[in-house]
Amino acid sequence: MFQLPPVLNNGVPSDVSSIVVQVNNAERGFSVLSNGPLDMRMNPQASLKAEDILNSWPDNEVGRILRDYGEESNWYSLQNKIVKARLKGGLHSTGDLVHLIQGSTSRSKGGRQGWIKTATRVFQALRIAVNDELNTLKETLYACFDCLAPGGRLAVISFHSLEDRIVKQTFIDIIDDGRVGDDDEDDPKYEGESGVINEDNDDDKEAWIRRTIQGSNGAILTKRPITPSEEEERLNRRCRSAKLRVIQKL
């Protein structure tokens with residue numbers, strides 16, 4: 001987690017994404033298409049590597065990581081193949097892991113694109129586990145909110161559903177709203193008794209604020225996340241899955 005300055009801020013932007021330079025570096029072990037060591041550490045000084053998880057962690061933990069962090073439907077079959085690979089010396093490179101995934105993915109399920117999608121989910125799951133990303137994200141959100149001055153805002157862009165759910169739930173916890181964060185955002189009960197609905201915003205400078213959720217410590221300014229426009233997606237394909245949520249300190 002990055003260190004925040006011990007001063008109050010009017011605003012903190014946060015981009016919850018992996019650094020492209022690291023992801024594209026084969027030696028860091030993040031790339032599905034480039035062979036390299038099974039590392040995946042964001043911090044090279046950390047001790048845990050993806051290779052450790054694949055070759056020594058209990059099989060049920062490997063399965064849990066693939067299921068929960070990768071949202072991989074074929075997690076059980078992959079778990080068994082990973083455990084069996086240990087009997088033949090284990091997995092020690094991204095190429096080893098990709099080869100295993102290719103052998104586990106039915107050609108009828110999308111061919112080459114099928115295994116790439118599966119590999120992307122598996123690599124994502126391992127990266128999250130190696131770097132404890134979800135807990136780090138939650139701790140970082142609390143730290144950022146604490147450094148805000150009254151009226152200051154924290155804006156967070158996430159790029160996949162796991163991150164977005166953490167941001168959504170943590171924002172609700174931060175404002176002390178007392179509701180369960182997994183409620184459907186389109187369900188009227190999601191408003192809660194403390195929810196303040198701003199359907200019509202007369203301030204052109206703040207037209208993006210449609211509905212807010214008021215709590216004792218702050219307000220969530222984006223009841224539903226802001227997503228890219230078609231024009232933004234055309235200019236930057238990487239932004240397609242981006243979701244922006246904003247919280248304001250009272």
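By salt bridge I mean a side-chain nitrogen of Lys or Arg within 4 Å of a carboxyl oxygen of Asp or Glu. I am reading a predicted model, where local features need pLDDT of at least 70, side-chain atom pairs count only at pLDDT 80 or more, and totals for chains, interfaces and linings use all residues. Residues are numbered from 1 along each chain as its sequence is written, and side-chain values use heavy atoms, with hydrogens and water left out.

Are R41 and D39 buried or exposed? R41 is buried, at 12% relative accessibility. D39 is buried too, at 11%. My cut-offs: buried is under 20% relative accessible area, exposed is over 50%, and partly exposed is in between (1.4 Å probe, protein chains only).

Next I checked R67. R67 forms a salt bridge with D68, at 3.0 Å from N to O. R67 is partly exposed at 35%, and D68 is partly exposed at 31%.

Then I turned to E72, which pairs with R121 in a salt bridge of 2.7 Å, N to O. Where do E72 and R121 lie? E72 sits in the loop between α3 (59-69) and α4 (75-86), and R121 sits in helix α6 (residues 111-131), so the pair ties together parts 49 residues apart in sequence. Helices here are DSSP runs of H or I, at least four residues, numbered from the N terminus. E72 is buried at 3%, whereas R121 is partly exposed at 29%.

I also noted a network: salt bridges with shared partners join D164, K243 and R245. My count for the structure is 10 salt bridges.

Notes
Helix = DSSP H or I, 4+ residues; strand = E, 2+ residues; numbered from the N terminus.
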